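The entries follow the order in which I looked things up.

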Amino acid sequence: SESHRASVVVFHIPGDLLEWDGFTDMINDITLLWLLGMKLVIVAGCTNFIDRRLADDNSGELPPGSMRHRIRITDSETLRVIKEEAGFVRFEIERQLARALRQGSLNAGGVSLNGNVVSGNFFSAQPFGVVDGVDYQYTGVIRRVEAEKIRAAHDSNDVVLLTSLGMSPSGEAFNVNSESLAAGVASALNADKIVFFSKYGAILENKKSDEMIMSLRVPELRNFLEFNDVKLQGKGFAMIGSEDRKESLEPAVDDMLIKLAWSHQVLQNGVKRAHIVPPWNGALLQELYTQDGSGTLINRDVYEGIRHATVEDVAGIYELTEPLVREGILVNRSKNQIEKDVNSYYIYTRDSLVLACAQLKRYESSSEIGCLVVSKKFRGSGKGDAMLAYLERVSLMSGGTSVFVLSTQTMQFFVERGFQKVTVESLPPSRRVNYDVKRNSKIYMKKISDQREIDAEELLWDR
């Protein structure tokens, strides 16, 4: 739990989950995270309650023209309904959190957190306006998130609870899309995580392998959204293709695409991770505290700037490694030798400068990581961890089951990252025959099994 303690996490709870049988268990899981020291913001939606009320008032159907491109047109009567339903949702979640906190404190031996559930003007809103000739009236978008007020509440160990109702500086109320609100708050707080609950759970599947896709990185997500014609409207609403496409999508697909779109935006804004999690009992804890997870994890592209080396990079690699060769830390590598093996090198660049480099040599079912060097100016900034994790992913994707390193002086770096000391006999046969007995390098090996395992390890260095 230490890897998450003091983390800022924003949760989005769709209104339909309040009527779900497992809602109490889900709140218990959220409260446990509170007890474990996380700083929480909960954004609650109420779309299902609003739709039901409006349908009841209009003989079973939503009033004509109430939605355009997924955006609700909020007239004064609809706003009154939203105020009532948002109030109900806020009360129910606050009631359940208070119950779970008392119960959790008792189970923890009576230790009290002295925290409360607080609501209030933690964000302001402004009108969505007139778009394509349509006046959206009291539909709004975020104007400003009061990030310092939220942090002050967190310092008092309070949970911040928000609904989709936002006030303008002049006192008018506006209906803000709850998913866009969650994304906006997470971005303003530079949160560690945003968690979207979805009753459909993880539904992404690899058609080639028939396996569930449990994790994505931003570049993969961007391509996926473009392929499915998913866009975020500039003022804060997600759109999927044409107006009539929503009717042709299964609800689970529609729900997932919208949440992925908001996940992409918050990661672009600096939030570290996004999770789309089923609300089942224990699913949240499984997602955050196990390698297998329970939902879909989306990570920032922490590997931006890492690429295969080319002949043009040989001089930069040599300049980076030569001082360590002189100190005896690295085996001597001439420029000619680096050029000859350049296809096995990877580099981390910024503004055409080589900031870090490493070499990956593949053997039977294992890969050797060597020549891992970071420029002095950038040591301690996570570049070495990024290079190591990147090469672990490359090895895994090429069918490798382990990676190993040979070191005479930097062993502790690798031990702290899950490598274990092994004997020469553990090396792949084709590498064992070339082992330099005179240099007497220590050998450290690490098993690699899946992408989520590497994702989990990033928690130790991407903070």
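I took buried to mean under 20% relative accessible area, exposed over 50% and partly exposed in between, with a 1.4 Å probe and protein chains only. The model is predicted, so I noted that local features need pLDDT of at least 70, that side-chain atom pairs count only at pLDDT 80 or more, and that totals for chains, interfaces and linings use all residues. Residues are numbered from 1 along each chain as its sequence is written, and side-chain values use heavy atoms, with hydrogens and water left out.

Entry 1, strand β10.
I took helices (H or I, at least four residues) and strands (E, at least two) as DSSP runs, numbered from the N terminus. I looked up β10, residues 159–162, and found both faces covered. V159 and L161 are buried on one side, V160 and L162 on the other.

Entry 2, its partners.
Strands pair if DSSP finds at least two bridges between them. Strand β2 (residues 39–44) runs parallel to β10 and is joined to it by 3 bridges; I42 has L161 as its bridge partner. Strand β5 (residues 117–118) is also parallel to β10, with 2 bridges, and V117 stands opposite V159.

I then turned to α6 (residues 218–227) and α8 (residues 251–268). Contact means heavy atoms within 4.5 Å. In α6, V218, L221, R222, F224 and L225 meet L257, L260, A261, H264, L267 and Q268 of α8. I sorted residues as nonpolar (Ala, Val, Leu, Ile, Met, Phe, Trp, Tyr, Cys and Pro), charged (Asp, Glu, Lys and Arg) or polar (the others, Gly among them). The contact has 8 nonpolar, 2 polar and 1 charged residues.

Technical notes
Axes fitted to C-alpha atoms, helices over the stretch in contact; angles between N-to-C directions.
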